[in-house]
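Below is a briefing on a two-chain model, arranged by topic. The points that follow the display can be checked against the coordinates.

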Amino acid sequence: MSAVIENHHDDHHHGPAKGLTRWLYTTNHKDIGTLYLWFSFAMFLIGGAMAMVIRAELFQPGMQIVEPEFYNQMITLHGLIMIFGGVMPAFVGLANWLVPMMIGAPDMALPRMNNLSFWILPFAFFILLSSLFMEGGAPNFGWTFYAPLSTTYAPPSVTFFIFSVHIMGASSIMGAINVVVTIMNMRAPGVGLMKMPLFVWSWLITAYLLIAVMPVLAGAVTMMLMDIHFGTSFFNAAGGGDPVLFQHIFWFFGHPEVYIMILPAFGIVSHIIETFSRKQLFGYSSMVWAMLSIAILSFVVWAHHMFTVGLPLAAELFFMWATMLIAVPTGVKVFNWIATMFRGSITFETPMLFACAFVVLFTFGGFSGLMLAITPADFQYHDTYFVVAHFHYVLVPGAIFSIMAAVYYWIPKWCGNMYDERLGKLHFWLSFIGVNVTFFPQHFIGLAGMPRRYPDYALQFADWNMVSTVGAFLFGVSQLLFLFIVVKTVMGGKKATDQVWEGATGLEWTVASPAPYHTFTTPPKID
Amino acid sequence: MLLKYFGKFQYLSIAALMLIANPIKADWFALNMTRGITDISNEVFELHMLIFWICVAIGVVVFAVMFYSMYAHTKKKNPVAATFHENTKIEIAWTIIPFLILIAMAIPASKTLVKIYDDEAGDVNIQVTGYQWKWQYNYLEDDISFFANLSTDADEIYNLVPKGENYLQEVDEMVLIPVGKKVRFLITANDVIHSWWMPDFAIKQDAIPGFVNTAWTKVDVPGIYRGKCTELCGKNHGFMPIVVKAVEQNEYDQWVSEKKDMAMKLAELTTKEWTTQELVDRGEDVYALNCVACHQTNGEGIQGIFPGLAGSDIALNDKEKHIEILMEGVQGAAMNSFSYLSEVELAAVITYTRQAWGNAENGDGEIVIPKDIVDYKQPKI
């Protein structure tokens, strides 16, 4: 019997297929993870180039480089591309690479759907970007696309935008279902729920959030489509509709969405801090409960984005209090990270540098978030650069730093080579300085009264805008160094050991470096 | 190597210095929220500072511990890590203490919010309507109505002439309010969502088509206060500022009676005999304030979004349709009804667009007089 199996075994070739079709037809979680990661990096550079246009225009007061119409297209596409094309696919790529290896599974549970969920993404973004060349230009109503600016008053390309969002949503939902099914069914014997690595936990929760809210987004854009082409009036006041309804629906999606972009980061940072402190993570179960509470609370705080739309007093009070509550589990996470470092045996390789910067700068974003939760103060902050500073602090040195940390941390496992530590540290310091020079002054500009989404501004905002632009270009250029480092590591470098990092624990570090094309075809033994 | 880079940086820093030395008002100290000039805005400012300092205090404690470990617990100084990984007491403490701090913040915040939500009627009630891209003000008691447009010159925006002190913060007509009176703003919009923000009063209310939001203020200090639109409303979102002037009661009363006189004179113009040239001249001004943003100075519009008027069939040969479009707007498009303009303004701007850009030569060249608009407004049988 066993001989027969062995024979059968030998007939298969176990490496990847050759040529381009390898990537087109692949159902291998590692290949698909790689595709997602490269795709998100390409989108990060495109969205970043748009940010450079925005900052260049804001370098000085007056209109210099672009016209306000085009400026509005840039802010819209920058937001959409960075969120749906940059951060989200990067996390899905990391989930593809790591979740099966961390739970001792041979692959994702639904490999063909995995292929589909990736390969529809390039089409979604091709459609979105092609709207730049359409008559009337690309979507110009901000990534939040409030009706009726995005319906009655939108350029004709809005229909393509809607189609593109539908495809992105389908991709995300498929990716999320795949993650949930994999984690629920394919854990190796002995990997109980409360033994799962935190990155797996964070993605399980994120996937449920995605499944819950992406259909809501699809509903919102479908209603827009009906309003634009089929004569309905969901959001058109003149036809008996309600423009505020759009915002309720959008933010019911939008607030969980912002946690979709940060929960996997919590998972990543927990692993990195644990490894480089050479000490077991402090408060594992409270970390899990904190993420669950954040996820549940995310469904009851959406109207804090809408404090100025004229909600009744009771609603303002409820959403203020509920939002403030989120500070408690978030605080617990920060305290746990610091307690993990406390009396550890710390070294500062590049992933740890990014993780430490994450803890500090994400907390800055948390502080400004708490300030924004205070409704009366929010009347002054709302829709100013203070908000821009806040969400860029949680997204750039938050989500994006965690992704960069993850790449440095796991790339030796992915391609078997160590990255260049000197260049990695240089990349970190340039990014760290760039991010702060860009976004810290935006707190000042916002408090002093500059609204967001302004292509031009009054003279008292000139100085700090100039500083912010200088920082943005520093940060932007530094990412080309990141590209160089990644390519250099893929091409060659010092060979990595299987464990890679002295303090690393977890199943992914028990397989060879680079990880073989198929891992854990038989489940590992867990004590 | 270093020298080479230094050379480049030197060039950059000279450029940067030149920019900084630019005589435009340098403001490195515009760092914090304005305290404003009303009781509410002061309360909001105090609240802001309170939360800010609480955050700073928490940050100092938390980061002190973190930086201490980063300094003292490195592998070099502490080769063997401790093994603790939970502590129920401390975990309960750092859940409960933040919760208590939050309650301490929520109490004053809620109190201030209740004050802001006071909905007693005002002494002066002004309806504020957002348009793409200007504000209309209707004084409900006195039947005064006017638009406030950005008055900064396009040449300043396009850097052809030096920028003035109130660059992008000046309008052609200020909103006057009397000091010491409770002023209520009833805020709405005509097309897309705008937001009326006056930092000095700590008022920010979205202007939403189909809704009327309210906000109130009581200003005790006479002066000019500047604010902005804070909800993305299309291409000129950054170019529709708000300027409110608070004046003594007697000055306010005088202004009200002047505005009423002017309205009366405007009404008389409807019955006046108009020449084509008079209409065209007046129409050009109306066009510049209301139409030029979309249809452009040369009447060609923007391809794919805003249709051109130069050579358009309606502007050439269909006077009735032309009037109808301005009065009713175009369903499903950015073109709204302009029936809020006066009969004279409407007649003038229609005449102007039928005469300008060669339209008179290429079409029937018919003019529209104010009486045509009055007739259009008559109930149809």
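Gly301(B) sits in the loop that runs between helix H7 (292-295) and helix H8 (313-317) of chain B; helices (H or I, at least four residues) and strands (E, at least two) are DSSP runs numbered from the N terminus. This is a predicted model, in which local features need pLDDT of at least 70, side-chain atom pairs count only at pLDDT 80 or more, and totals for chains, interfaces and linings use all residues. Residues are numbered from 1 along each chain as its sequence is written, while chains are lettered from A and ligands numbered from 1 in the order in which they are written.

- Gly301(B) counts as partly exposed because it has 17 C-beta neighbours inside 10 Å; a residue is buried with 20 or more other C-beta atoms within 10 Å of its own, exposed with 12 or fewer, and partly exposed in between, with C-beta atoms placed from the backbone.
- Leaving out residues up to four places away in sequence, Gly301(B) touches Cys294(B), His295(B), Gln296(B), Phe306(B), Pro307(B), Gly308(B) and Leu309(B), where contact means C-beta atoms, placed from the backbone, within 7 Å.
- Between Gly301(B) and Cys291(B) there are 10 residues of sequence separation and 9.7 Å in space, C-alpha to C-alpha.
- In chain A, Ser233(A) is placed in the loop between helix H8 (198-229) and helix H9 (243-260).
- Ser233(A) is partly exposed, because 17 C-beta neighbours lie inside 10 Å.
- Beyond residues up to four places away in sequence, Ser233(A) touches Asp227(A), Gly239(A), Gly240(A) and Gly241(A).

**Chain B overall**

- Chain B contains 12 helices and 10 strands.
- Its assigned domains are domain 1 (39-116), domain 2 (124-262) and domain 3 (270-377), with bounds from an automatic or database domain assignment.
- The centres of domain 1 and domain 2 of chain B, taken over C-alpha atoms, are 40 Å apart.
- The radius of gyration of chain B is 29 Å, whereas a compact globule of 381 residues would have one near 21 Å; the radius is taken over C-alpha atoms, and the globule rule is 2.2 Å times the number of residues to the power 0.38.
- The C-alpha trace of chain B spans about 95 × 65 × 40 Å along its principal axes.
- Of the 381 residues in chain B, 35% are buried.

**Helix H2 of chain B**

- Helix H2 (residues 39-72) of chain B has 34 residues and should span 50 Å at 1.5 Å a residue, which agrees with the 49 Å between its end C-alpha atoms; the expected span is 1.5 Å times one less than the number of residues.
- Buried residues of H2(B) include Ile40(B), Val44(B), Leu47(B), Ile51(B) and Met66(B).
- The buried residues of H2(B) pack against helix H13 (327-341), helix H14 (350-373) and helix H15 (375-381) of chain A, together with helix H3 (88-116) of chain B.

**Contact between the chains**

- 85 residues of chain B are in contact with 85 residues of chain A.
- On the chain B side, H3(B) gives the most, with 14 residues.

**Nonpolar cores**

- The largest nonpolar core has 246 residues, and Val269(A) and Ala405(A) have the most contacts inside it; such a core is a set of buried Ala, Val, Leu, Ile, Met, Phe, Trp, Tyr and Cys residues joined through C-beta atoms within 7 Å.
- Helix H16 (residues 385-415) of chain A gives the most to this core, with 23 residues.
- A second, separate core of 19 residues includes Val280(B), Val286(B), Tyr287(B) and Ala348(B).

Key. Contact = placed C-beta atoms within 7 Å.
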